[in-house]
Amino acid sequence: KSNPSVSIIIPTKNGGKMLYRAIKSAINNTKYTNYEFIIVDNGNLGNKLYDELSDIESQITILPYPHKFNYSAINNFAVKYSKSDIVILMNDDVEIITDDWLNLMIRDISQKDTGAVGAKLYYENGTVQHAGVVIGIKEIAGHSHKYFPKDADGYFGRLKVKQNYSAVTGALLGVERKKYLEVGGMDERLAVAYNDVDFCLKLQESNYKNLWTPFIEAIHYESMTRAKQMSGASDTVKAEKEYMKKKWQDKLKYDRYYSIHLTKEYENFSIDRKDFV
């Protein structure tokens, strides 16, 4: 399809400047026109967004979701509501900085054997936050090249090359809607953690290849503090980690896109020292 329809799904609690920045960055950096925003209101946004974005009011739908936070359920709810060919999941704390990002993403998403497509995300200080997800790091999964400098080449140039990874982060993820539904969407038992990894693994099991591109870049503002919160290991995150281990078992031990001789402890592609013991 030459002009597929796109729904950009953004869950938010209270909207505000962060959400406004996310929406404006998506609009200002695209020439594509056949898209809409679905803002899932998990707080008390009401209609106050319309005052700030009245010029594109017709392209924004606000869906109230007055239930306990569950990232998977929220996105499944929005995808079912959407009628578009493509859905893009986007956090409200993401600012897109690549010109014509939507055309670039649609081109990759529309390939027959492609599952999810992920972008290159930076922390606010300019270091890499996400460049694809490697399965098996820290028992479940870790972000490739985390904290590398923005312009680094990465391991054998991998930060500069479009490539397949087993998973990509849900902070900015695109997929054809029919493929999202085909694999059953996101697992709602994973309310907080690992839902994007699980979703990508389901796509991989269905013989789709997940793709990461360095040519779509964004800043992920809150992710550094959220990473600290996650490492505080709430009971929910611990339970979801155990659920992932039980669900995927040995499939979490091996990543087809990552050498068995590289570390499973760090996200920096260093050699696994056990090889030299």
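Q: How many aromatic pairs does the count come to?

A: This is a predicted model, and in it the count comes to 8 aromatic pairs. In one of them, the rings of Tyr 35 and Phe 37 have centres 5.7 Å apart and planes at 85°, so this pair is edge-to-face. Both Tyr 35 and Phe 37 are buried. Another edge-to-face pair is formed by Tyr 165 and Trp 212, with 6.3 Å from centre to centre and 90° between the planes. That pair links distant parts of the chain, since Tyr 165 lies in the loop between β10 and β11 (172-176) and Trp 212 in strand β12 (residues 209-220), 47 residues apart.

Q: Are Tyr 165 and Trp 212 buried or exposed?

A: A residue counts as buried when its relative accessible area is under 20%. Tyr 165, at 1%, is therefore buried, and Trp 212, at 0%, is buried as well.

Q: Which residues do ring pairs link into a cluster?

A: The cluster joined by ring pairs consists of Tyr 155, Phe 156, Tyr 258 and Phe 269.

Q: Where does the charged end of Arg 21 sit?

A: The charged end of Arg 21 sits over the ring of Tyr 221, at 3.6 Å from the ring centre. In a further case, Lys 150 lies over the face of Tyr 122, 4.8 Å from the centre of that ring.

Q: How many salt bridges does the structure hold?

A: The general idea is that side chains of opposite charge can pair when their charged atoms come close. In this structure there are 13 salt bridges. One of them brings together the side chains of Lys 31 and Asp 99, at 3.3 Å from N to O. Lys 31 belongs to the loop between α1 (16-28) and β2 (35-41), and Asp 99 to the loop between β5 (94-96) and α4 (101-109), so the pair ties together parts that are 68 residues apart in sequence. Lys 31 is exposed, with a relative accessible area of 58%, whereas Asp 99 is partly exposed at 48%.

Q: Which residue forms a salt bridge with Lys 241?

A: The partner of Lys 241 is Glu 139, and their closest N and O atoms are 3.0 Å apart. This pair, too, links distant parts of the chain, for Lys 241 is in helix α8 and Glu 139 in the loop between β8 (133-135) and β9 (141-143), 102 residues apart. Lys 241 is partly exposed at 22% relative accessibility, and Glu 139 is partly exposed at 45%. Through salt bridges that share partners, Glu 139, Lys 241, Glu 242 and Lys 245 are joined into one network.

Q: Which residues of α8 are buried?

A: The buried residues in α8 include Val 237, Glu 240, Met 244 and Trp 248. Seen down the axis of α8, its buried residues fall within an arc of 60°, so they line one face of the helix. The face turned away from this buried side carries the exposed residues Asp 235 and Lys 246.

Q: How far apart are the end C-alpha atoms of helix α8?

A: At 1.5 Å a residue, the 14 residues of helix α8 (residues 235-248) should span 20 Å, and the end C-alpha atoms are 20 Å apart, which agrees. After α8 comes Gln 249, whose phi is positive, near 45°.

Notes
Residues numbered from 1 in each chain as written. Predicted model: local features only at pLDDT ≥ 70, side-chain atom pairs only at ≥ 80, totals over all residues. Heavy atoms only, no water. Helix = DSSP H or I, 4+ residues; strand = E, 2+ residues; numbered from the N terminus. Expected span 1.5 Å × (residues − 1). Buried < 20%, exposed > 50% of the residue type's maximum accessible area, 1.4 Å probe, protein only. Arc of directions from axis to C-beta. Salt bridge = Lys/Arg side-chain N within 4 Å of Asp/Glu carboxyl O. Phe/Tyr/Trp six-rings, centres within 6.5 Å; stacked < 30°, edge-to-face > 60°. Lys NZ or Arg CZ within 6 Å of the ring centre and 35° of its normal.
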